[in-house]
Amino acid sequence: MIVRMKKAAVIMQSKDADSAVKELRRLGVLHVEHQQIPKGTDILSLCDDIALIQEALSVFSEKEFLVKPCREKQKAPLDWRAAARHVVEARKRLDQLQEFSRNLNNRIIEWQPWGDFEPAVIQALAAKNVFVRLYQVPEKEAKGLSAGGIVKIISTHGGTTYCAVISREKIDIPFKEAALPRMSLTDMGTRFFEDKKAMQDIQDDIRKRASQRESLINIRNAIEKELEFHKAYRGMGQAGELTYLAGFIPVDAQALLLETAAQEKWGIFINDPSADDNVPTFIRNPQWISWIQPLLKILEILPGYTEFDISPLFLVFFSLFFGMIIGDAGYGLIYLFLTYLAHRRFGAKMQDKRIFSLLYLLSSCAIAWGILTGTFFGQAWLVKYGVHALLPVLNDPKFIQGLCFLIGVTHLSLAHLWRFAVQIPSLTALAELGWVGILWAAFLLVKMLLLGALFPAWAKYLIIAGISLVVLFSSPRKNIFARIGAGLGTIALSLMNSFGDIVSYVRLFAVGLAGVAISDAFNSMAAGAVVSGAIGVISAGFILMAGHALNFVLSPMSVLVHGVRLNVLEFSGHAGVTWSGTPYKPLSEK
C-alpha cells in the first residue's frame, strides 16, 4: 500500500543549519523538497568527482576489461582521483592507438602492391631533377604506356598495374597518381607492431587496476551521500536569521520527528500535503506482495501518490500470465533450477533477495500450467506416447480463448471495483459500477462475435444500466446537464476501448500456442533426422538444443512484452494509474 505522507518544515537558526541537516540525515525520514536551487563550489566539485569515478567505472565495465572479482578485500587507492584519471586517460590513449592502428593497417594493405621503398630517397632525387612518380594504370593500357620517360612496372593486381615513371622533368600522364607515403612499408610494419605492444600494455594495466572497482564504487556512494547532504544544506530556505528545511515524511514518522525537534530546539510545522504538492510515493507491503517490486524497479514505473498501489493484483495476474505464456513444465523446471543456482551463487551478496522469490513463483506457475496442459518441451510427442493433459479442456482453442476473455473482464472489473471502494461515499463511485456492467456486457458481446456464443437477452439491460450510471455519475458537477454532457464525453471516448481491451487478452492464448507450436516443430524435425543413422542422431540433438534454446529465450521476452503490457496499460488504464510517481528518497546516512 502507498503510505500516507505529511508535509514538514523544520526551522532553526542559521548558525545551526549544518548540524540540523546532519541530525535529520541521521533520522533518515525526511524526503527533502528544496526551497531554492542548490548551488555552490562544493556541489560542483562533488559532481565532478562522481563523474570522474563513473567514467572510470564505465571503463572497467567494458567486456575486454572485466576480471574475476577478487575474494580478498581490496584496499582503496591512496589517491583515488589520480587512479581514476589514470584509467580514463589510459582508455583515451587506447582509443587513439586503436584508431591509428586501423588507419596504419589500411595504409600497409594499400602500399603492399608497390613493394618496399624509402619515400625520402624519391624526394631526394626530385631535388636533383630526377622525378619518380607512381601511377595506377589499367592492365590493358600499361604495356603500351609511353610517358616520355622510363616506365617501370612494379606489380599487377586485380586488373590494375602499379608502375613508376622516371623522368628528368615533370610530365603529365592521364592516370591516377599515388601520393608518396610518409614512411616505408618496413617502418609502417615496425610502427604497427610497436602500437600493438603499447595497446596490450595499456589493456594489461587497466585490467590490473580493475581490482579497484569495488573501492571506487564505495567511494562514489560515499560522495553521493555527501552531495545529498550539501544539496539539502544549499537548498534550504532563508527568512532573516532563520533557516528552514522542508519536505515530506511518512505519517508514522511524525512522532519521531517531533521528539527530535523538541530535543534540538527546532521549530517545526507539520500538515497535510496540498493538491499542488509533488508528494513522493512510498510503498510498504507485506513480504509476499513486495516480491513484485524488483520487476517494477526494472521497468522504472511507480504509481503517483494519489493513485493506487496495484502490487497485489500485479503479482497475482502477472504470475498467471507468465504461466500461460510460457506454458511448458520443462522450461519452468529449467527456470527454477537456474534461479536456484543464481540464488546460491549471488544471494549472499545481495541485500534485496526478493527477485529470487519472484522467479521461484513464476517458474512454479509455468510448471503448473505445463502439467495441466500436458506440455513438457512440447506437447505432441507426449500425446504420441499416451501422456495426456491433466485438464484436457485447456487444450481446446475455443475454451482457452473464452478463458482469456474471462480473465480479461475479471482483471479490468477488479480495477473499477477498487476505484469504487476508494471513492465511496462519493456518488462518482456509482460510475465505476457502471463500467463494471459495461465490461461484462462487452465480454458477452466478444464471446458472441468471436466464439459464436449466444448473447443473453438480459445483457441489454446490463448495457443500459452501465451507460446510465456512467453518464449520470462520472462527473461530480452539480448542474445535471453539465454532468450528463461530461458523462456522454466519457462514454464516447472509452466505450470501444473497453471492448478492445477485453479482446487484447486473447494474446495469452496466441503467444502461448505459438511457443508450444515452435517446440513441436523442432521436435518433429529432430524425429525426422533420427532415422538417418548416427549423423542423423547428432543432427537431431543439435536441432533439439538449438530449437528449444531459441524458444527458451524468446518466451520470457514474450512475457515482458505481453504479460507486462496487460498490467501496465490495460489494467492500469482502467484503474486510473498513470505511473507518474516520484520515489520517496529520504535524506539518510545509508
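User: Which helix is Asp42 found in?

Analyst: Asp42 is in helix α2, residues 41–60. Helices here are DSSP runs of H or I with at least four residues, strands are runs of E with at least two, and both are numbered from the N terminus. This is a predicted model, where local features need pLDDT of at least 70, side-chain atom pairs count only at pLDDT 80 or more, and totals for chains, interfaces and linings use all residues. Residues are numbered from 1 along each chain as its sequence is written, and side-chain values use heavy atoms, with hydrogens and water left out.

User: Is Asp42 buried or exposed?

Analyst: Asp42 counts as buried, at 17% relative accessibility. Buried means under 20% relative accessible area, exposed means over 50%, and partly exposed is in between, with a 1.4 Å probe and protein chains only.

User: And what does Asp42 touch?

Analyst: Leaving out residues up to four places away in sequence, Asp42 touches His230 and Arg234. Contact means heavy atoms within 4.5 Å.

User: Let's switch to α8. Which of its residues are buried?

Analyst: In helix α8 (residues 254–264), the buried residues are Leu257, Thr260 and Ala261. They cover an arc of only 105° around the axis, so they sit on the same side of α8. The arc is that of the directions from the helix axis to the C-beta atoms.

User: Why would residues three or four places apart point the same way?

Analyst: An α-helix has 3.6 residues a turn, so residues with that spacing point the same way.

User: What's on the other side of α8, and what covers the buried residues?

Analyst: Ala255, Ala262 and Gln263 are exposed on the other side of α8. The cover over its buried residues includes β1 (5–13), α1 (17–27), β8 (242–250) and β9 (267–271).

User: Now the strands. How many residues of β3 are buried?

Analyst: Six of the eight residues of β3 (residues 131–138) are buried, which leaves the strand mostly covered.

User: Which strands does β3 pair with?

Analyst: β3 runs antiparallel to β5 (residues 160–167), with eight bridges joining them. It also runs antiparallel to β6 (residues 176–178), with three bridges. Two strands pair if DSSP finds at least two bridges between them.

User: Which residues are partners there?

Analyst: Towards β5, Val132 is partnered with Ile166, and Pro138 with Thr160. Towards β6, Gln136 stands opposite Lys176.

User: What about β5 itself, and what else is it bridged to?

Analyst: Six of the eight residues of β5 are buried, so the rest of the structure largely encloses it. Seven bridges join β5 to strand β4 (residues 150–157), and these two run antiparallel. Val151 stands opposite Val165 in β5.

User: How many residues lie between the strands in the hairpin of β4 and β5?

Analyst: Two, and Gly158 in that hairpin takes a positive phi near 55°.

User: Changing topic: how many aromatic pairs are there?

Analyst: The count is 16 aromatic pairs. Rings of Phe, Tyr and Trp (its six-membered ring) pair if their centres lie within 6.5 Å; planes under 30 degrees apart count as stacked, over 60 as edge-to-face and the rest as tilted. One of the pairs is Tyr331 with Phe377, edge-to-face at 5.6 Å centre to centre and 75° between the planes.

User: What does that pair tie together?

Analyst: Tyr331 lies in helix α11 (residues 329–346) and Phe377 in the loop between α12 (354–373) and α13 (380–384), so the pair links parts that are 46 residues apart in sequence. Tyr331 is buried, at 2% relative accessible area, while Phe377 is partly exposed at 23%.

User: Which residues form one aromatic cluster?

Analyst: Phe322, Tyr331, Tyr335, Phe376, Phe377 and Phe552.

User: Last one: how spread out is the protein chain?

Analyst: The chain has 19 helices and nine strands. Its radius of gyration is 36 Å, well over the 25 Å that the globule rule gives for 590 residues, so the chain is more spread out than a compact globule. That radius is taken over C-alpha atoms, and the rule is 2.2 Å times the number of residues to the power 0.38. Buried residues make up 42% of the 590 residues.
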